[in-house]
There are 2 protein chains.
Amino acid sequence: MPRFHLVSDPDDPVVAPFRAIKERDLVGREGLFIAEGETVLRAFTRDAPQRVVSLLIDPKRREKLADVFAGLPEFTPIYLAEQGVLDAIAGFHLHRGILAVGRKPPAVAARDLLASLPARAMVLVLCGIANHDNMGGIYRNAAAFGADAIVLDADCCDPLYRKAIRVSVGAVLSVPTARLSRDESIADLLDATGFEGLALSPSADEILATLKPAARTAVLLGTEGPGLSPDVMARARRIGIPMANSFDSLNVATTSGIVLHHLRFLGG
Amino acid sequence: MPRFHLVSDPDDPVVAPFRAIKERDLVGREGLFIAEGETVLRAFTRDAPQRVVSLLIDPKRREKLADVFAGLPEFTPIYLAEQGVLDAIAGFHLHRGILAVGRKPPAVAARDLLASLPARAMVLVLCGIANHDNMGGIYRNAAAFGADAIVLDADCCDPLYRKAIRVSVGAVLSVPTARLSRDESIADLLDATGFEGLALSPSADEILATLKPAARTAVLLGTEGPGLSPDVMARARRIGIPMANSFDSLNVATTSGIVLHHLRFLGG
């Protein structure tokens with residue numbers, strides 16, 4: 001059973017990792033991350049209980065979370081602090097009343113990750129996704145449709161940022177992820193691991209609705225506006241999603257949902 | 001040609017509609033709305049130039065927007081104010097440097113709107129969508145996939161709210177919209193106008209991927225969590241989007257994109 005510790009002094013050193021959350025969001029936490037709220041905590045303890053470092057909660061929530069606590073490794077500390085103390089620790093009003101500190105998973109090489117997947121696999125490769133809402137939304141869709149992994153390029157933001165975790169409903173804690181360094185080539189990665197890259201392009205001849213994908217498919221998603229780099233586009237299979245009304249783009253998270261839904265249910 | 005007016009005093013009464021934007025967002029504008037940024041302004045002047053009341057822009061943007069101004073009705077006033085004056089008028093730093101005041105379209109009865117559509121039509125009916133990001137995202141998808149109209153229930157937020165307009169990339173200004181009063185029944189509306197209601201439900205036997213819709217289809221979308229009311233569900237055709245990993249819901253805007261893509265390209 002994990003142990004409960006009552007915290008009444010916001011300066012108590014045991015809750016240091018929970019202090020000044022918004023300021024620390026900006027500088028990072030050296031291998032740790034902060035997650036908030038009941039939905040995310042439930043996903044976290046279900047999918048990666050061994051990565052929960054500690055919890056800080058309002059004692060009012062204790063009873064409702066009993067099953068969550070029971071799923072944690074023995075001795076995981078659970079700090080209890082009344083709302084006023086919680087707010088003083090976090091540095092803002094924490095209306096959700098639930099915080100967790102987690103340990104990031106060890107880095108894995110993208111090539112090793114993709115090579116380890118089944119012969120029939122579906123992954124996402126994200127290029128320059130810098131908006132945490134979009135990042136979280138893409139992970140949520142990846143988890144919902146069973147994507148096997150996500151590869152991030154060097155320009156993507158951190159999926160383990162508090163807002164991205166929340167928007168993903170915790171999916172960033174379960175979808176296997178690797179990050180490329182700036183000198184690694186996406187096209188080489190896909191060639192070496194036998195994945196066909198799919199790139200959305202308004203000028204493609206082939207459309208998503210009739211696509212029959214390869215056994216191993218990597219959906220390449222870039223930012224709205226600049227999109228994917230020319231060398232990535234040049235070696236990818238281009239598919240289009242035709243649009244009406246002179247609209248020329250969808251939100252990138254929505255696009256991931258549409259493409260993953262097609263691959264999962266209509267691409268066989 | 002519209003006329004340019006230089007504004008150097010933030011208290012000049014001609015720019016009263018642009019004043020204290022965030023405070024007025026909360027109380028409403030009695031038949032007017034505020035839109036911001038170049039992308040939205042371009043959509044607005046393309047789709048509904050007669051509803052542009054006036055513009056307020058940083059003179060630095062004047063040259064780049066010459067084609068936009070040319071598309072406006074004669075005598076539409078265009079106020080020019082340097083960044084500092086702009087910020088003082090708006091009440092916050094307006095880094096986009098472009099604001100428009102628009103006139104809301106006259107209210108139309110939902111029954112009249114749906115009855116006026118072609119024999120083959122696709123509409124959305126939104127129930128309790130209170131988040132402006134989701135509202136904007138749904139409109140963006142509706143425009144991209146050519147939905148014919150959107151019907152809002154009495155609990156939906158205003159699509160002509162500044163943030164929803166921005167997230168929609170201006171689509172809220174072009175998709176025909178009607179709002180139901182609290183005593184109007186969605187099921188009766190659909191029966192009277194010959195639309196089949198489609199409701200997403202995790203327990204449905206039929207799945208979206210194999211759906212062959214009726215000629216006139218109304219996609220019913222509710223909030224995550226409470227979802228659609230029992231009486232709406234009871235009279236709708238239920239379809240499911242199966243999910244992996246014990247995930248039980250998608251974001252509602254993403255859902256709208258997936259369903260509209262299917263109806264447009266695979267539902268025929």
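Select helix α2 (residues 38–47) of chain A: this helix lies across β2, β3 (52–57) and β5 of chain A, at about 35 degrees to β5(A). Contact here means heavy atoms within 4.5 Å, and angles, from 0 to 180 degrees, are taken between N-to-C directions of lines fitted to C-alpha atoms, for helices over the stretch in contact. Helices (H or I, at least four residues) and strands (E, at least two) are DSSP runs numbered from the N terminus.

A word on the ground rules: this is a predicted model, where local features need pLDDT of at least 70 and side-chain atom pairs pLDDT 80 or more, while totals for chains, interfaces and linings use all residues. Residues are numbered from 1 along each chain as its sequence is written, chains are lettered from A and ligands numbered from 1 in the order written, and side-chain values use heavy atoms, without hydrogens or water.

Next, colour the sheet under that helix. In what order do the 5 strands of the open sheet in chain A come? The order is β1-β4-β3-β5-β2, with mixed pairing; two strands pair if DSSP finds at least two bridges between them. At the edges sit β1 (3–6) and β2 (32–36) of chain A, each pairing on one side only. From one strand to the next, the twist averages 20 degrees.

Zoom in on β2(A): this strand pairs antiparallel with β5 (residues 98–103) of chain A over 5 bridges. Click A:Phe33, and you'll find A:Gly102 of β5(A) opposite.
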